[in-house]
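Please keep the sequence and the 3D view at hand while reading.

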Amino acid sequence: MRTIGVVIVVIVPESARRTYDNWHFAPAVQHDGLIFFSGVVGSGDSAEEEFRDAWASLGETLDAAGVGYEDIIDTTIYMVELQKNTAAMAKVKDEFIKAPYPASTWIGITELVIPGARAEIKVIARKPK
C-alpha cells in the first residue's frame with residue numbers, strides 16, 4: 001500500500017504489480033472507509049471457469065485491502081452476451097457473495113479490453129470499523 005497525501009491509499013497486491021506498473025492503474029484505492037476496486041477479468045475455457053477465476057482474483061485484492069467478500073457493498077458486472085452468460089455468473093457469484101447481499105448492477109456490453117473476455121467485475125467495499 002502507498003499513501004497519497006493523507007487521503008488516498010493505493011492498494012496493489014503483489015499478483016497485480018505488473019498490471020499496476022504497465023497499465024498505470026491501481027487495483028484498488030481507499031478513501032476514508034470506502035475501497036474502490038478496479039474491474040477484474042478472469043480466464044478459463046468455460047464461462048463458469050472464467051467467472052470463478054475473476055472472483056478469486058478479486059479476492060486477492062480484497063485480502064490486500066484488509067477486507068473480504070462480506071465487506072462488498074456494491075457490485076457492477078459488465079458482461080458480453082449478457083442473456084447467455086447471466087446464469088453462469090449468478091451461479092459462480094453465489095459461491096463468493098453471501099447474504100446480506102450488496103447492491104448490484106449488471107450491464108450488457110459488446111466487448112472488453114481483454115480480447116475474448118466475457119465479463120469484468122467491479123466492486124466497492126467498506127472498511128469495517
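A residue is called buried when its relative accessible area is under 20%, exposed when that area is over 50%, and partly exposed in between, with a 1.4 Å probe and only protein chains considered. Helices (H or I, at least four residues) and strands (E, at least two) are DSSP runs numbered from the N terminus. The model is predicted, so local features need a pLDDT of at least 70 and side-chain atom pairs count only at pLDDT 80 or more, while totals for chains, interfaces and linings use all residues. Residues are numbered from 1 along each chain as its sequence is written, and side-chain values use heavy atoms, with hydrogens and water left out.

The chain contains three helices and seven strands. Along the sequence these elements follow the pattern β-β-α-β-β-α-β-α-β-β. The radius of gyration, taken over C-alpha atoms, is 14 Å, which agrees with the value near 14 Å for a compact globule of 129 residues; the globule rule is 2.2 Å times the number of residues to the power 0.38. Along the principal axes, the C-alpha atoms fill a box of roughly 45 × 35 × 20 Å. Of the 129 residues in the chain, 39% are buried. A contact means heavy atoms within 4.5 Å. Among the contacts in the chain with a separation of 6 or more, 68% are between residues 24 or more positions apart.

Strand β3 (residues 28-31) has Ala-28 and Gln-30 on its covered face, and Val-29 and His-31 on its uncovered face. Two strands pair if DSSP finds at least two bridges between them. Strands β2 and β3 run antiparallel and are joined by four bridges, with Ile-8 opposite His-31 in β3. Strand β3 also pairs with β4 in the antiparallel sense, over four bridges, and here His-31 has Leu-34 in β4 as its bridge partner. Two residues lie between the strands in the hairpin of β3 and β4, where Asp-32 takes a positive phi near 50 degrees.

From β4 the pairing continues to β7. Strand β4 (residues 34-37) and strand β7 (residues 119-126) are antiparallel and share three bridges; Leu-34 has Arg-126 in β7 as its bridge partner. Strand β7 pairs as well with β5 (residues 72-80), in the antiparallel sense over seven bridges, and Tyr-78 stands opposite Glu-120 in β7. Thr-76 is placed in strand β5 and counts as buried because its relative accessibility is 14%. Leaving aside residues up to four places away in sequence, Thr-76 touches Thr-105, Ile-107, Glu-120, Ile-121 and Lys-122.

Gly-116 is in the loop between β6 (103-109) and β7, and it counts as exposed because its relative accessibility is 69%. Gly-116 and Val-80 are 36 residues apart in sequence, and their C-alpha atoms are 9.1 Å apart in space.

What lies in the interior? In soluble globular proteins, nonpolar side chains tend to be buried together. A nonpolar core is a set of buried Ala, Val, Leu, Ile, Met, Phe, Trp, Tyr and Cys residues joined through side-chain atoms within 4.5 Å. The largest such core has 26 residues, and those with the most contacts inside it are Phe-37, Phe-51, Trp-55, Leu-58, Met-89 and Ile-121. At least two residues of this core come from each of β2 (8-11), β4, α2 (47-64), β5, α3 (82-96) and β7. Helix α2 supplies the largest share, six residues. Phe-37 touches, among others beyond four places away in sequence, Leu-58, Leu-62, Val-67 and Val-123.

The structure also holds two aromatic pairs. Rings of Phe, Tyr and Trp (its six-membered ring) pair if their centres lie within 6.5 Å; planes under 30 degrees apart count as stacked, over 60 as edge-to-face and the rest as tilted. Trp-55 and Phe-96 are stacked, because their ring centres are 6.2 Å apart and their planes are at 20 degrees. Since Trp-55 lies in helix α2 and Phe-96 in helix α3, this pair ties together parts that are 41 residues apart in sequence. Both Trp-55 and Phe-96 are buried. Tyr-69 and Phe-96 form a tilted pair, because their ring centres are 5.2 Å apart and their planes are at 55 degrees. This second pair links Tyr-69, in the loop between α2 and β5, with Phe-96 in helix α3, 27 residues apart. Trp-55, Tyr-69 and Phe-96 form one aromatic cluster.
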